[in-house]
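Here are my notes on the model, jotted down as I went through it. Have a look at it first, then read on.

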Amino acid sequence: MSLKSKAAVVTGSTSGIGLAIARSLAAEGANVMINGFGKPEDIEKERAGLEKDFGVRCAYSAADMSKPDQIAGMIAEAEKTFGAVDILVNNAGVQHVAPIEEFPVEKWDQIIAINLSSAFHAMRAAVPGMKARKWGRIISTASAHSLTGSPFKSAYVSAKHGIAGLTKTVALELATFGVTVNCISPGYVWTPLVENQIPDTMKARGLTREQVIHDVLLDAQPTKQFVTPEQVGAMAAYLCGEAASQITGANMCIDGGWTAQ
Ligand code: NAD
């Protein structure tokens with residue numbers, strides 16, 4: 001498989017799963033626009049590293065995925081920089097853990113905006129070019145929480161179920177245009193997003209850190225192991241290849257058996 005001459009935008013790719021997806025696509029030869037927050041010097045190191053390691057062009061957009069105008073601006077900037085957006089990966093995401101009656105309203109709004117609405121805004125902006133070129137790949141990082149619930153994660157689970165529905169709908173709309181639309185549903189992947197929810201989960205469930213890791217996180221996963229960011233990156237690269245051209249509207253689980261239960 002080669003993605004040479006293709007250009008990708010990967011949202012939320014300054015860290016964790018998004019960075020691993022950006023590296024997987026670059027390894028196949030795609031030019032990549034990365035996006036997300038972080039220290040400027042760290043982001044520049046990642047951007048320059050992608051160019052050096054894989055001999056591709058890599059640009060950075062600081063667009064905030066909670067802002068529709070900035071999302072449209074990011075897609076326009078990528079089209080200008082690379083001549084096209086052939087691959088769109090909606091990956092940016094945040095988490096907040098709290099009982100429903102204490103769930104801060106602004107956290108609900110933020111999670112729905114970043115984890116769900118941003119995918120709508122990015123697809124809306126990128127699809128016209130993909131349709132015109134009759135080739136495209138849209139992948140969203142959903143979650144095992146797109147298929148199943150967990151207590152204290154009302155906004156996150158709602159947003160991820162929304163991503164699964166959006167994926168099916170847009171896949172059907174684009175089925176005859178050479179554009180596939182899929183989501184990937186990882187179980188627990190050891191990234192800052194998971195590490196940062198440990199204190200709130202300790203509070204919400206009255207557990208220690210070790211108990212949260214073993215009795216909550218890995219309890220969900222029959223393999224008793226975390227998924228790696230690189231495994232998710234490899235799945236994304238596969239979905240971009242010719243072998244996956246008949247996979248569309250799918251929700252690809254990579255969850256150590258979590259959702260088989
Ligand atoms: P992470 O915290 O390592 O990375 C999140 C990325 O999103 C970072 O680059 C961050 O800067 C960016 N981001 C956050 N808010 C943003 C905003 N407003 N605008 C632009 N970028 C923003 O987390 P991760 O675990 O790599 O999560 C990536 C995706 O994978 C998320 O959608 C998450 O829900 C999903 N996911 C994670 C796991 C897991 O166990 N880690 C499991 C299933 C799904």
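How far is an oxygen atom of the ligand from an N or O atom in the side chain of K160? The distance is 2.9 Å.

1. Ground rules. This is a predicted model, where local features need pLDDT of at least 70, side-chain atom pairs count only at pLDDT 80 or more, and totals for chains, interfaces and linings use all residues. Numbering starts from 1 along each chain as its sequence is written, and side-chain values use heavy atoms, with hydrogens and water left out.

2. A backbone N or O atom of F37 sits 2.8 Å from a ligand oxygen, and a polar backbone atom of V189 lies 2.6 Å from an oxygen atom of the ligand. The protein covers 93% of the 820 Å² of accessible area that the ligand has on its own (Shrake-Rupley method, 1.4 Å probe).

3. The shell. There are 30 residues around the ligand (a heavy atom within 4 Å), and T14, S15, Y156, V189 and T191 come nearest. They split into 15 nonpolar, 13 polar and 2 charged, with Gly counted as polar. α6 gives the largest share of this shell, 3 residues (helices are DSSP runs of H or I, at least four residues).

4. The cavity. I'd also look at the largest cavity, with about 40 Å³ of space (on a 1 Å grid over the protein atoms alone, points where a 1.4 Å probe fits but cannot get out; lining residues have an atom within 4 Å of a point). Its lining includes N90, I114, T141 and K160. α4 gives the most to that lining, with 4 residues.

Key:
On a 1 Å grid over the protein atoms alone, a cavity is a set of points where a 1.4 Å probe fits but cannot get out, and a pocket is an open set with protein on both sides within 12 Å along at least five of seven lines; lining residues have an atom within 4 Å of a point. Grid points are joined across faces, edges and corners, and a volume is the space filled by probe spheres set on the points. Helices (H or I, at least four residues) and strands (E, at least two) are DSSP runs, numbered from the N terminus. A polar contact is a pair of N or O atoms within 3.5 Å; within protein, one must be able to donate a hydrogen and the other to accept it, and residues adjacent in sequence count only if both atoms are side-chain atoms.
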